[in-house]
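Reader: Hey, I just opened this one and I'm new to it. Can you walk me through a few spots?

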Amino acid sequence: LAVFRLADFVVCSLPGGAPTRHFCGEAEFAAMKPSGIFISLGRGTCVDERALVSALKGGIIAGAALDVFETEPLPIGAEVWDCPNL
């Protein structure tokens with residue numbers, strides 16, 4: 001978690017698979033600076049989207065940029081659509 005605490009930007013570019021599923025989740029987002037930005041470019045399964053949405057809506061982190069999602073294409077009703085800081 002030290003990297004998450006220190007970084008202004010966290011970039012996730014992990015490959016998909018069982019060892020990396022939800023690698024970035026509630027504890028990781030909680031460790032980030034309130035001004036931190038999370039960027040996901042690897043596989044969508046590496047990010048716990050519910051935890052990310054909670055961190056964004058709760059002001060735990062300042063924002064995020066996602067190029068990939070757990071489900072693609074992203075469903076119309078996905079919670080991430082409601083995050084203005086995404």
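This is a predicted model: local features need pLDDT of at least 70, side-chain atom pairs count only at pLDDT 80 or more; totals for chains, interfaces and linings use all residues.

Reader: Ok, and where does Gly 42 lie?

Author: Gly 42 is in the loop between β2 and α3.

Reader: Is Gly 42 buried or exposed?

Author: Gly 42 is buried, with a relative accessible area of 8%.

Reader: And how far apart are the C-alpha atoms of Gly 42 and Phe 69?

Author: They are separated by 9.4 Å, and the two residues are 27 places apart along the chain.

Reader: Switching to the strands. Which way do the side chains of β1 point?

Author: They alternate along β1, which covers residues 9–12.

Reader: In what sense do β1 and β2 pair?

Author: Parallel, over four bridges, with β2 running through residues 37–40. Within that pairing, Val 10 stands opposite Phe 38 in β2.

Reader: Why doesn't 4.0 Å make a disulfide for Cys 12?

Author: Because the two sulfur atoms would have to be within 2.5 Å, and the sulfur of Cys 24 is 4.0 Å from that of Cys 12.

Reader: Are Cys 12 and Cys 46 buried or exposed?

Author: Cys 12 is buried, with a relative accessible area of 3%. Cys 46 counts as buried too, at 0% relative accessibility.

Reader: New topic: Glu 28. Which helix does Glu 28 lie in?

Author: Glu 28 lies in α2, residues 26–31.

Reader: What is the nearest side chain of opposite charge to Glu 28?

Author: That's Arg 5, 9.4 Å away. Glu 28 is buried yet has no salt bridge.

Reader: So what does the side chain of Glu 28 reach?

Author: The backbone nitrogen of Gly 25, at 2.9 Å. Not counting residues up to four places away in sequence, Glu 28 also touches Leu 1, Phe 4 and Phe 23.

Reader: Tell me about Phe 23, then. Where is its place?

Author: Phe 23 is in the loop between β1 and α2. Phe 23 is partly exposed, with a relative accessible area of 44%. Besides Glu 28, Phe 23 touches Leu 14 and Cys 46, again not counting residues up to four places away.

Reader: And how far apart are Phe 23 and Gly 58?

Author: They are 20 Å apart in space, C-alpha to C-alpha, and 35 residues apart in sequence.

Reader: Last one: which residues of α3 are buried?

Author: In α3, residues 49–57, the buried ones are Glu 49, Ala 51, Leu 52, Val 53, Ala 55 and Leu 56. Their cover includes α2, β2 and β3.

Reader: What's at the start of α3, and what comes just after?

Author: At the start, a side-chain oxygen of Asp 48 reaches to within 3.2 Å of the backbone nitrogen of Arg 50. Just after α3, Gly 59 takes a positive phi of about 75 degrees.

Terms used. Residues are numbered from 1 along each chain as its sequence is written. Side-chain values use heavy atoms; hydrogens and water are left out. Helices (H or I, at least four residues) and strands (E, at least two) are DSSP runs, numbered from the N terminus. Buried means under 20% relative accessible area, exposed over 50%, partly exposed in between (1.4 Å probe, protein chains only). Lys and Arg count as positive and Asp and Glu as negative; His and the chain ends are not counted. A salt bridge is a side-chain nitrogen of Lys or Arg within 4 Å of a carboxyl oxygen of Asp or Glu. A polar contact is a pair of N or O atoms within 3.5 Å; within protein, one must be able to donate a hydrogen and the other to accept it, and residues adjacent in sequence count only if both atoms are side-chain atoms. Contact means heavy atoms within 4.5 Å. Two strands pair if DSSP finds at least two bridges between them.
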